[in-house]
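Let's take a friendly walk through the side-chain contacts of this structure. Please keep the sequence and the 3D view at hand as you read.

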Amino acid sequence: MRLVFIAVLLFMVRSTLAQPVHSDPKASRKTKILYQNLSEIASKGVMFGHQDDLSYGTDWWAVEGASDVNHLVGSYPAIYGWDLGGLHMDRNLDSVAYEDIRRWIVDAYKMGGINTISWHTFHPQGLKSSWDKSAKVSDLLPGGETHDQYIDLLDKLADFISSCKTGLSTQIPIVFRPFHEQNGDWFWWGKDNCTEQEYISLWRFTMDYLREQRKLHNLIVAFSPDRSRLDLVNGVGNYMYGYPGDDYVDVIGLDDYWDTGHTHNTASPAEQLENLQKSVELIDKIAKEKNKIAALTETGKAGQEIDHWYDSLLKGLDGTEGGVNISWVLVWRNASREYFYVPYKGHRNEQDFKEFYASQKTIFQNNLNNPYTKKPLK
Ligand code: BMA
């Protein structure tokens, strides 16, 4: 009897430990449920995400209900990526109207999809773009020259996020992925442009402000370094550059365009596949150790210039220890017939994408029940 009791107790402790713990103790109920579900879904397969899926495609712009993914396979993606660069304007960097983004975020939520927001933000000083490295992180921190303008920007961000709601109900849970690819040298928040401590302070200040001053408790926060600047030999240590702490991160993410046929990567396709597997194993390991979840927050091959690209992606994910078990992969946007990440009808990778969709290991909108309830999958 005593043994049975101990066994039950151990089982209970183990199941509690296996649950990811959200970084915000005040996170809303739905946000916590979604977070648990992101972990549960990962044990069944990988969700597919597409940036700007409802906004435009290779040959249409802002058509209600349209989606290149749905057009090709008959299901919307499970994850919808949006970008809030340019909050001082009516439209974001890619000319998508904010009022449309807001409506589509709500639509995606109502369909049972999951929204993730990236932030190619302008620096408030002189409205310098994300890629303008004359912009300084230190100016945004408390005591910095443009700190007050940064607060204004954060207010605009918070206003927008708060406005994404259904009727009178509370805020929609959103995966927020600020200041991405910080280990690269292309953004003003990048490695060679500020100190690690400045980067961490910016992240913490941002999240504290959104949570404490603006009462946003609907955010699942994603950290996403870039794989091209990650040394897999010293994987864990290297990954942690700029990590703001477990209280500020929920998703151990990675942007990996490198192992998926990047033009400057001279490694053979076989080596790239192996490195993709290692990269995914790395984030999975860190996430498990920290009781968080892992995701490929960005990946893809612009122009789909590689045959069977999606098949390789799936092999990369499936070849990892334990098989496909990260929460999602998100490919970038379909802006034109030259710049796209999901093949269009008639493209030679059309069948490749259809097989990716048909795989038991991938999860699209069709397979989701409702990730904001206790039963996420159909
Ligand atoms: C980049 C490119 C840019 C775009 C930006 C924000 O990766 O796609 O063209 O403006 O993302 O979406």
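D24 is buried, with a relative accessible area of 5%; here buried means under 20% relative accessible area, exposed means over 50%, and partly exposed is in between (1.4 Å probe, protein chains only). Before going further, please note that this is a predicted model, in which local features need pLDDT of at least 70 and side-chain atom pairs count only at pLDDT 80 or more, while totals for chains, interfaces and linings use all residues. Residues are numbered from 1 along each chain as its sequence is written, and side-chain values use heavy atoms, with hydrogens and water left out.

**Salt bridges**

Which residue does D24 meet in a salt bridge? The partner is R211, at 3.8 Å from N to O; a salt bridge is a side-chain nitrogen of Lys or Arg within 4 Å of a carboxyl oxygen of Asp or Glu. D24 sits in the loop between α1 (2–18) and α2 (29–42), and R211 belongs to helix α6 (residues 196–213), so this pair ties together parts that are 187 residues apart in sequence. Helices here are DSSP runs (H or I, at least four residues), as are strands (E, at least two), numbered from the N terminus. R211 is also buried, at 9% relative accessibility.

The structure holds 21 salt bridges, including these:

| Pair | N to O distance |
|---|---|
| D24 and R211 | 3.8 Å |
| E40 and K44 | 3.6 Å |
| K315 and D311 | 2.7 Å |

In the E40 pair, E40 counts as partly exposed at 36% relative accessibility, and K44 is partly exposed at 48%. K315 and D311 both lie in helix α9 (residues 309–318), 4 residues apart, or about one turn of the helix. K315 is partly exposed at 46% relative accessibility, and D311 is partly exposed at 34%. Elsewhere, salt bridges that share partners join E64, D100 and R103 into one network.

**Aromatic pairs**

A pair of aromatic rings is described by the distance of the centres and the angle of the planes. The structure holds 32 aromatic pairs; rings of Phe, Tyr and Trp (its six-membered ring) pair if their centres lie within 6.5 Å, and planes under 30 degrees apart count as stacked, over 60 as edge-to-face and the rest as tilted. Y56 and W61 have ring centres 5.1 Å apart and planes at 10 degrees, so they are stacked. Y56 is buried at 2% relative accessible area, whereas W61 is partly exposed at 43%.

For W119 and F176, the ring centres are 6.2 Å apart and the planes are at 50 degrees, so this pair is tilted. W119 lies in the loop between β5 (114–118) and α5 (147–163) and F176 in strand β6 (residues 174–177), so the pair ties together parts that are 57 residues apart in sequence. W119 is buried at 0% relative accessibility, and F176 is buried at 0% as well.

**The ligand**

Which residues surround the ligand? They are D94, H120, W332, R333 and Y339, where a residue is near a molecule if one of its heavy atoms lies within 4 Å of it. A polar side-chain atom of D94 lies 2.5 Å from a ligand oxygen atom, and a polar side-chain atom of Y339 lies 2.7 Å from a ligand oxygen atom.

How values were computed: Polar contact = N/O pair within 3.5 Å; in protein donor to acceptor, adjacent residues only side chain to side chain.
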